[in-house]
Amino acid sequence: MIGVGKAKQYANVLDKPLSRGRQEVSLSAFAFLFSELVQYNQTQVDNIAELERRLEDAGYAVGARVLELLCHREKGNRRENRLLDILLFIHSTVWKVLFGKVADSLERGTEHEDEYMISEKELLVNRFISVPKDMGAFNCGAFVAGIVRGVLENAGFPAVVTAHFVPIEGQQRPRTTILIKFAEEVLQREARFG
Amino acid sequence: MPPPTAPKSGDALFASVERVNAELFTLTYGAIVRQLLTDLEEVEEVNKQLDQMGYNIGTRLVDEFLAKSNVSRCADFKETADVIAKLGFKMFLGVTATVTNWDAEGTSCSFVLEDNPLVDFVELPDTCQGLQYCNVLSGVIRGALEMVSMKTEVTWVRDMLRGDDAYEMRVKLTKQVPEEYPYKDDD
């Protein structure tokens with residue numbers, strides 16, 4: 001019969017076998033959708049800070065789910081409990097799955113030891129975005145900052161995560177740096193681990 | 001004049017565009033729906049907003065589709081529907097749809113989706129039973145067709161999230177707007 005596809009019905013979403021994450025959609029489909037997310041949120045706010053906060057919120061929801069999904073699928077139901085390990089997990093595993101590549105760099109802040117930075121020359125979500133002059137330092141990377149915060153917080157590493165443009169010499173487009181500032185308790189716990 | 005290039009096959013078309021992991025797409029869409037539910041509260045309003053977002057996307061996406069697919073003008077609505085099902089869905093979502101249930105006049109048909117990347121991980125809670133989760137897709141079809149002079153109504157008739165056995169949307173051609181020549185320039 002026409003119209004009966006390979007999609008099977010499951011009584012419960014949890015009965016459904018977990019996909020292996022190899023499926024793809026076009027980058028444009030994602031870019032169009034992301035652009036709608038940004039445009040919709042623009043109608044809900046009065047200022048840039050609020051817009052970034054809302055994009056971060058949306059990203060947080062993605063991060064929380066990505067952590068659960070990847071711990072199960074890639075890590076055999078284990079999650080990292082050390083600071084550097086969870087950062088590497090984000091920089092490598094999470095980035096690879098979501099953006100198809102590991103992040104360009106992961107560095108520790110030079111001035112503050114509770115700060116870490118993940119940098120990307122051309123963040124996927126910023127590929128087709130140009131920020132109008134009157135929107136100042138607004139960075140759609142707030143969405144990715146939200147994803148990072150979602151992963152960290154749900155893995156037990158509360159942090160403040162923000163996205164910033166950083167100009168690169170000799171390049172027209174700046175790179176995006178995701179700045180992670182861990183909560184004090186995280187560093188204290190890490191110190192006790194030794 | 002160079003000979004017109006033949007339209008690409010759906011697979012070739014999908015292989016030729018840049019792609020991203022479908023899970024990023026799925027989860028981002030989920031985040032959008034969740035935000036709308038929080039902001040708008042009424043499920044009906046969320047349905048409307050999703051449809052509007054889809055419409056916005058459709059009006060822009062059709063350009064990219066025409067530019068990359070080498071498809072030339074479709075002779076009739078039947079051909080249009082086939083192109084959408086075999087090439088349109090494939091180029092953007094990597095899936096194909098089946099066109100079926102034509103009416104006698106050839107002005108309305110159904111797209112049945114075998115695979116739907118929007119709904120991975122999704123289950124509708126009791127409070128959201130009226131939610132047309134995939135409304136963005138119907139909006140895209142409506143928006144894209146409007147840009148090629150076809151006014152349509154697109155509705156979901158089957159939705160697996162609501163317990164049906166497939167995803168089926170009904171597309172009804174309501175008006176074919178004749179293209180006017182000379183085209184008026186926008187100022």
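In this predicted model, the interface of chain A and chain B carries 4 salt bridges. One of them is formed by the side chains of A:Arg127 and B:Glu18, with a nitrogen-to-oxygen distance of 2.6 Å. The elements that supply two or more residues to the side of chain A touching chain B are strand 1 (24-26), helix 1 (27-42), helix 2 (48-73) and helix 3 (83-99) of chain A. Helix 1 of chain A contributes the most to that side, with 12 residues. Sorted by class, the side of chain A that touches chain B consists of 23 nonpolar, 13 polar and 10 charged residues.

A further pairing of charged side chains involves B:Arg19 and A:Glu24, which meet in a salt bridge at 2.8 Å, N to O. Since B:Arg19 belongs to strand 1 of chain B and A:Glu24 to strand 1 of chain A, this pair joins two chains. Over all chains, the count of salt bridges comes to 25.

The interface also holds polar contacts: 15 residue pairs across chain A and chain B qualify, both residues being at pLDDT 80 or more.

**Extent of the interface**

The size of an interface is often expressed as the accessible area lost when the parts come together. Here, chain A and chain B bury about 4,300 Å² between them, and 60% of this lies on carbon and sulfur atoms. Within chain A, the residues that lose the most area to chain B are A:Val25, A:Phe32 and A:Leu33, which together account for 17% of what that side buries. In terms of contacts, 46 residues of chain A are in contact with 47 residues of chain B.

The two chains are also linked through their strands. Strand 1 of chain A and strand 1 (residues 19-21) of chain B run antiparallel and are joined by 3 bridges. Within this pairing, A:Ser26 stands opposite B:Arg19 in strand 1 of chain B. B:Arg19 is also the residue whose side chain forms the salt bridge with A:Glu24.

**Chain A**

Chain A comprises 5 helices and 5 strands. Read from the N terminus, its elements follow the order β-α-α-α-β-β-α-β-β-α. The C-alpha trace of chain A spans about 65 × 45 × 35 Å along its principal axes.

Chain A contains an open sheet of 4 strands in the order 2-3-5-4, with antiparallel pairing. Its edge strands are strand 2 (105-108) and strand 4 (159-166) of chain A, each of which pairs on one side only. On average, neighbouring strands of this sheet are turned by 20° against each other, direction ignored.

| Strand pair (chain A) | Bridges | Bridge partners |
|---|---|---|
| Strand 2 and strand 3 (residues 115-120), antiparallel | 4 bridges | A:Ser105 and A:Ser119 |
| Strand 3 and strand 5 (residues 175-182), antiparallel | 6 bridges | A:Glu115 and A:Lys181 |
| Strand 4 and strand 5, antiparallel | 8 bridges | A:Ala159 and A:Phe182 |

**Chain B**

In chain B, 4 strands form an open sheet in the order 2-3-5-4, and the pairing is antiparallel.

B:Ser108 has B:Lys172, in strand 5 of chain B, as its bridge partner. Helix 4 (residues 77-93) of chain B packs on the sheet, where this helix touches strand 2, strand 3, strand 4 and strand 5 of chain B. The direction of helix 4 makes about 15° with that of strand 3 of chain B.

Helix 5 (residues 135-147) of chain B lies across strand 3, strand 4 and strand 5 of chain B. Relative to strand 4 of chain B, helix 5 runs at about 160°.

Technical notes:
Residues numbered from 1 in each chain as written. Chains lettered and ligands numbered in written order. Predicted model: local features only at pLDDT ≥ 70, side-chain atom pairs only at ≥ 80, totals over all residues. Heavy atoms only, no water. Contact = heavy atoms within 4.5 Å. Buried area = accessible area lost by both parts, 1.4 Å probe. Polar contact = N/O pair within 3.5 Å; in protein donor to acceptor, adjacent residues only side chain to side chain. Nonpolar A, V, L, I, M, F, W, Y, C, P; charged D, E, K, R; others polar. Pairing = 2+ DSSP bridges. Axes fitted to C-alpha atoms, helices over the stretch in contact; angles between N-to-C directions.
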